[in-house]
Amino acid sequence: MEPLSEKQIRSSFVNCTKGEAARLRLPLDFAELPWEDLDFLGWVDPGAPLRAHLVLSRAQGPLGISLRVPSVSRTSAVKSSLCQICLTGHASSGVTLLAAPLAGARGREGNTVGVYVCADLACPLYVRGKRQPKLRPGLYEESLTLDERLARMSGNLDAFAGKVTAT
C-alpha cells in the first residue's frame, strides 16, 4: 500500500459523516506504519475504543470504512476463531465481530453488515508472518503461497467493502 496522508484518510470514508471522519483519531504509530507490508490500513480508534476504521487502496483512491466494535465479547465459550478476511486462526479473543454501517441512505436508516476479523486489524502482518496469532503453532498450516494468501485476503476484503458500499 502506498503511504497515505491524514487528509487522504479522512476524506476517504464512505459510511460516516464528514464530522465523524474529522474527529477520528489516527493510529498512535501512524508516523511509523510499515506501509510496504500493508494491503490496507486498519486500526481501533485510540480516542474511541468502540470504533475501528479500515482504509483500502483502490484505483480511484482510498476507500475508508468506519466500524463499530462490540462493547462485550460473546466468544468466551469458543476456544478458537477464524478471521473472515485473512483466515488466520486465533484464540477466541483474537477475533471480533465488527459492524459497518452501510454507505448512503441505508446506513442512515441503521442498516449494517458485520465481519469477524482479527481484533487488532493486522491481517496483512499475519498473512506475511510478521505477526503471530496467540494460538498453538502448527494448528493451522496452509499450502498456499504468500501471493495466493494475499490475493485471497484482498478478495475477502473486496467482498466486504462491496457489501458496505452496495457495489
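**A tour from the inside out**

Let's begin with Leu38, which is buried, with a relative accessible area of 7%. This is a predicted model, so treat every value here as computed from that prediction. You'll find Leu38 in the loop between helix H2 and strand E1 (40-44). Set aside the neighbours within four places in sequence, and Leu38 is in contact with Met1, Leu33 and Pro124.

In soluble globular proteins, nonpolar side chains tend to be buried together. The largest nonpolar core here has 30 residues, and those with the most contacts inside it are Leu54, Ile65, Ile85, Cys123 and Phe160. Which elements give two or more residues to this core? They are the strands E2 (51-56), E3 (63-68), E6 (95-101) and E7 (112-118), together with the helices H4 (123-127) and H5 (146-165). Of these, H5 gives the most, with six residues.

Pick out Leu54 and see what surrounds it. Not counting residues up to four places away in sequence, Leu54 touches Phe13, Phe40, Leu41, Gly42, Leu63, Gly64, Ile65, Leu67, Leu121, Leu157 and Phe160. There is also a second, separate core of 14 residues, and Phe13, Leu33, Trp35 and Trp43 are among them.

Trp35 is worth a stop of its own. Is Trp35 buried or exposed? With a relative accessible area of 10%, Trp35 counts as buried, because the cut-off for buried is under 20%. A pair of aromatic rings is described by the distance of the centres and the angle of the planes. The structure holds one aromatic pair, and Trp35 forms it with Phe30. The arrangement is edge-to-face, at 6.0 Å centre to centre with 90° between the planes.

Next, look for empty space. Rolling a probe the size of a water molecule over the atoms shows where empty space is left. The second largest pocket has a volume of about 370 Å³. Its lining is made up of 19 residues, and Asn15, Cys16, Thr17, Glu20 and Ser66 lie nearest the centre. Helix H2 (18-23), E2, E3 and helix H3 (105-108) each supply at least two residues of that lining. What kinds of residues are they? The lining divides into seven nonpolar, six polar and six charged.

Time to visit some loops. Most residues other than glycine have a negative phi. Leu121 has a phi near 55°, a positive value in a residue other than glycine. Leu121 lies in the loop between E7 and H4, and is buried, with a relative accessible area of 4%. Leu87 has a positive phi as well, near 60°. You'll find Leu87 in the loop between E4 and E5, where this leucine is partly exposed, with a relative accessible area of 33%.

Thr88 is also found in the loop between strand E4 (80-82) and strand E5 (89-91). Thr88 counts as buried, at 12% relative accessibility. Leaving aside neighbours within four places in sequence, Thr88 is in contact with Ser81, Leu82, Cys83, Cys118, Tyr126 and Pro133.

Move on to the loop between E6 and H3, where Leu102 is found. Leu102 is buried, with a relative accessible area of 9%. Which residues is Leu102 in contact with, leaving aside its neighbours within four places in sequence? They are Asn15, Gly107, Asn111, Thr112, Val113, Lys163 and Val164. For a sense of scale, Leu102 and Ser71 are 31 residues apart in sequence and 20 Å apart in space, C-alpha to C-alpha.

Our last stop is Glu142, in the loop between H4 and H5. Glu142 is partly exposed, with a relative accessible area of 42%. Not counting residues up to four places away in sequence, Glu142 touches Arg149 and Arg152. From Glu142 to Ala52 the C-alpha atoms are 29 Å apart in space, and the two residues are 90 apart in sequence.

How values were computed
Residues are numbered from 1 along each chain as its sequence is written. This is a predicted model: local features need pLDDT of at least 70, side-chain atom pairs count only at pLDDT 80 or more; totals for chains, interfaces and linings use all residues. Side-chain values use heavy atoms; hydrogens and water are left out. A nonpolar core is a set of buried Ala, Val, Leu, Ile, Met, Phe, Trp, Tyr and Cys residues joined through side-chain atoms within 4.5 Å. Buried means under 20% relative accessible area, exposed over 50%, partly exposed in between (1.4 Å probe, protein chains only). Helices (H or I, at least four residues) and strands (E, at least two) are DSSP runs, numbered from the N terminus. Contact means heavy atoms within 4.5 Å. On a 1 Å grid over the protein atoms alone, a cavity is a set of points where a 1.4 Å probe fits but cannot get out, and a pocket is an open set with protein on both sides within 12 Å along at least five of seven lines; lining residues have an atom within 4 Å of a point. Grid points are joined across faces, edges and corners, and a volume is the space filled by probe spheres set on the points. Ala, Val, Leu, Ile, Met, Phe, Trp, Tyr, Cys and Pro count as nonpolar, Asp, Glu, Lys and Arg as charged, and the others, Gly among them, as polar. Rings of Phe, Tyr and Trp (its six-membered ring) pair if their centres lie within 6.5 Å; planes under 30 degrees apart count as stacked, over 60 as edge-to-face and the rest as tilted.
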